Amino acid sequence: MRSPSLNKLSIIFGPRPPISWLLLCFVSVLVLIAVFGSSSSNSFDSVTFTLVPEIYTNYRRLKEQAAVDYFELRTLSFGASRQRELGFCGKERENYVPCYNVTANLLLGFKDGEEFDRHCEVSRQGKWCLIGPPKDFKIPLRWPAGRDVIWSGNVKITKDQFLSSGSKTKRMMLLEENQLAFHSEYGLVFDGVKDYSRQIAEMMGLGSDSEFFQAGVRTVLDIGCGFGSFGAHLVSLKLMALCIAAYEATRSQVQLALERGLPAMIGNFISRQLPYPSLSFDMVHCAQCGIVWDKKEGMFLIEVDRLLKPGGYFVLTSPASKPSGSATGTKKINMLTPLEQFTQKICWSLIAQQDETFIWQKTADTHCYSFRKQNDVPLCREGDDAPYYHALMPCITGTSSKRWIPIQNRSSSSYLSSAELEVHGVSSEDFFEDLQVWKLALKNYWSLLTPLIFSDHPKRPGDEDPLPPFNMVLNVMDMNAHYGGLNAAFLEEKKSAWVMNVVPVWARNTLPLILDQGFPGVLHNWCEPFPTYPRTYDMLHANGLLSHLTSERCSLMDLFVEMDRILRPEGWVVLSDKLEAIELARSHATQIRWDARVIDLQNGSDKRLLVCQKPFARK
């Protein structure tokens, strides 16, 4: 006779359950016990669950969140396994710059110089990999020594290339073993940088170049900046000089400038506007920069006009117009006549000429445009100024802007007045409150970085005791700059660093406010790579960037691989964002081999800091 329990099973499952079915049930129970047992012992003890503040109704986002949650649990359960770390790229990518693939551009039909332009839609990277440093890479020398002496192994110039260069290059740089030494008393032009700068000032009617600031010249766009000697001199005068130059496979001007600790980025005068708003710079400078200014029916000069503030200066030094013999007068006139004719059409005045240097001044009076001829360059319609790599426009912008303020009429103070802030739609209370927030934040950052450097940063052979971190952090990028408060805080605290202030294209365009403060800055879309060379920044900072990018359908892993590309070995990353975004960022940081620490701000908010350091990893 069967037991009552077997009778119940017979009622539920039938007269006699198959042996194979019973074995399957037994194995399933064992698997469930193993799964829940390991999860409880390895994962859940270390996880503090928080309520998700948002219920996703979109299936795609719900699926993405489920995948993220699963990845987070596995990361916490099993630790950072080597299998999930990204590998290194091949040696051919040591100096890789995305969006500048000339061969691919030619195959797609780009021509007439556009093959050298930025085309991010062409350079889509396949498999993720990390760009390692060259074999001879060394940590840059500390400022200010690093301004004039750099390691030759850190830049794309070999000993053979140096020896085959012209005599002017040899005068500007001395190759001593594995170092390049820059001597600014030689070479930008025939009389040296200091004499050249003083010459420009005197041509403008000033006593010396120390009067540039009082004359309204505070921000300079230096096109084709060579080895950065003119920019370095302007920085010594407390001016902001931003270097732009075309992408170069070898002997890159931008890479050399950044290695010296000077603001620089890749930028071209080819077919698109530069990523700066109209009325951005007090002076645009071109010394033998290789641009044919009367090409494309003057479109390049119109772009310079767009960038110049009212009353600003365009300085052109060109050896093609240098007097030589009896025929030079005719040659010089032939070269300048098209330029002079065109500059009159856009209300510029040639105010001075000396040797091979010419200075034009943009009009400060909008009435000038009303008295021109009918066939002169037209005015753009209001709202046409959209400068993020849009096609060059054959019209004059900015004449109806509230920011049409002659540079000579600005206050001599280093700070913007309440009236100047009002032009940007910002109240003085909001602006100065933001500054106080960033001054406190910067102190907190330094209090975090200092013990990390002293405890985790071993002395390198030959080094003295480590100096405070601000001498090891020179090139800083604020990836979501807002008002430029972090930059202002660096200046207030007298840190030896400069900041590239990046305003994302989806954010409120505060770049005019940043540039008007005399800070370097640029518009950028963080779904795309940044126009710079590998290993060019010591510190990357972003506040609130990650949360927004996840809503923009941008790949955060693409962003982190790009950050790793532009960050120097031993460089720092400081991210401030919501807890969910920081936790996801921490997992990405582990994948790209960064040391990462999450810092609780302990202020009752759901924000956290993620502090990372990129190790000096060889392939």
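Residues are classed as buried under 20% relative accessible area, as exposed over 50%, and as partly exposed in between. In this predicted model, E583 has a relative accessible area of 24% and is therefore partly exposed. Its salt-bridge partner is R586, with the closest N and O atoms 2.6 Å apart. R586, at 17%, is buried. Both residues belong to helix α19, where they are 3 residues apart, about one turn of the helix.

An open sheet of 7 strands runs in the order β13-β12-β11-β14-β15-β17-β16, with mixed pairing. The edges are formed by β13 (521–524) and β16 (595–600); each has a single partner strand, so one side of each lacks a neighbour in the sheet. Neighbouring strands are turned by 20° against each other on average, direction ignored. β12 (residues 498–504) pairs with β13 in the parallel sense over 4 bridges, and L523 in β13 is the bridge partner of V503. Helix α15 (residues 485–492) packs on the sheet, touching β11, β12 and β14, with its direction at about 170° to that of β12. Helix α19 (residues 579–591) also packs on the sheet, touching β15, β16 and β17, at about 155° to the direction of β15.

Helix α11 (residues 299–307) is largely enclosed by the rest of the structure, because 9 of its 9 residues are buried. K362 lies in strand β10, 57 residues from D305, and is buried at 2%.

A further salt bridge joins D516 and K309, at 2.7 Å between the closest N and O atoms. D516 is in helix α16 and K309 in strand β8, so the pair ties together parts 207 residues apart in sequence. Both residues also belong to a salt-bridge network with D282, R403 and R410.

Conventions:
Residues numbered from 1 in each chain as written. Predicted model: local features only at pLDDT ≥ 70, side-chain atom pairs only at ≥ 80, totals over all residues. Heavy atoms only, no water. Pairing = 2+ DSSP bridges. Helix = DSSP H or I, 4+ residues; strand = E, 2+ residues; numbered from the N terminus. Axes fitted to C-alpha atoms, helices over the stretch in contact; angles between N-to-C directions. Contact = heavy atoms within 4.5 Å. Buried < 20%, exposed > 50% of the residue type's maximum accessible area, 1.4 Å probe, protein only. Salt bridge = Lys/Arg side-chain N within 4 Å of Asp/Glu carboxyl O.
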